[in-house]
Amino acid sequence: MDKKILSSTVIAILFLAVTACGIDDQATNPANIRGQGYDSETTENDEMRRAGIDKLVNQEEKRHTIQKIEKQVENIIGIDDACVVIQDDNVLIGLQTTEENNEVNARVQRMVKASNVEKHVHVAADEHIVQRIYAFDNQLRNGMTFDQIGANFTDILNDIARGTQHHYQLPR
């Protein structure tokens, strides 16, 4: 008996649902109000989706450029390892070298500029600055945003520009 009542109830609900969806467009969508709102939402969602895709594409291009520069730099004789960070118009390269001199830095700068990277190239081989570059890169990889730690990036660039060798600030 309970099954008959349950079955009758389900059939009644389905019947009411089907009859509410009539053939007349006015019954389900008077004056196309719902359609207009839906179209504008789709447009906004499409714009958000495109912006998200553009951001992913830009991140992928950036990641590819970083890997390309790291491979090229690490192939230079006398360089054991390189850490590359790109932000806006700046490429920051920290070098672990067997020979610490200005010629190695100059070779790296020439090589990166020759590879059509249209950015300002900053190279450091000083152990303390290189450690800060690696720490900064690790912070980015661990999910911190540039807005949170951008001051460290600027400090590193300023230290490289001043030629600071021994006076450094630990990463924040």
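This is a predicted model: local features need pLDDT of at least 70, side-chain atom pairs count only at pLDDT 80 or more; totals for chains, interfaces and linings use all residues.
Me: Which strands stand at the edges of the open sheet, each with a single partner strand?
Reply: Three strands make up this open sheet, in the order E1-E2-E3 and with mixed pairing. One side of each edge strand is left without a neighbour in the sheet, because each has a single partner strand, and the strands in question are E1 (79-87) and E3 (120-124).

Me: In which sense do strand E2 and E3 pair, and over how many bridges?
Reply: Within this pairing, isoleucine 93 stands opposite valine 123 in E3. Strand E2, which covers residues 90-97, pairs with E3 in the parallel sense, and the number of bridges is five.

Me: Is asparagine 90 buried or exposed, and what is its relative accessible area?
Reply: Asparagine 90 belongs to strand E2, and its contacts, leaving aside residues up to four places away in sequence, include Val85, Phe153 and Leu157. Its side chain also makes a polar contact with the side chain of histidine 122, at 2.8 Å. Since buried means under 20%, asparagine 90 counts as buried, with a relative accessible area of 18%.

Me: Which elements do the buried residues of H6 pack against?
Reply: Helix H6 (residues 146-162) packs on the sheet, where its direction makes about 65° with that of E2. Among its buried residues are Ile149, Phe153, Ile156 and Ile160. The partners against which the buried residues of H6 pack are E1, E2, E3 and helix H5 (127-141).

Me: What kind of pair do the rings of phenylalanine 136 and phenylalanine 153 form?
Reply: Phenylalanine 136 and phenylalanine 153 are both buried, and they lie 17 residues apart, the former in helix H5 and the latter in helix H6. Their ring centres are 5.5 Å apart and their planes meet at 40°, so the pair is tilted.

Me: Which residues form one aromatic cluster?
Reply: Phenylalanine 136 pairs with phenylalanine 146, and phenylalanine 136 also pairs with phenylalanine 153. The members of this one aromatic cluster are Phe136, Phe146 and Phe153.

Conventions: Residues are numbered from 1 along each chain as its sequence is written. Side-chain values use heavy atoms; hydrogens and water are left out. Two strands pair if DSSP finds at least two bridges between them. Helices (H or I, at least four residues) and strands (E, at least two) are DSSP runs, numbered from the N terminus. Contact means heavy atoms within 4.5 Å. Axes are lines fitted to C-alpha atoms, for helices over the stretch in contact, and angles run from 0 to 180 degrees between N-to-C directions. Buried means under 20% relative accessible area, exposed over 50%, partly exposed in between (1.4 Å probe, protein chains only). A polar contact is a pair of N or O atoms within 3.5 Å; within protein, one must be able to donate a hydrogen and the other to accept it, and residues adjacent in sequence count only if both atoms are side-chain atoms. Rings of Phe, Tyr and Trp (its six-membered ring) pair if their centres lie within 6.5 Å; planes under 30 degrees apart count as stacked, over 60 as edge-to-face and the rest as tilted.
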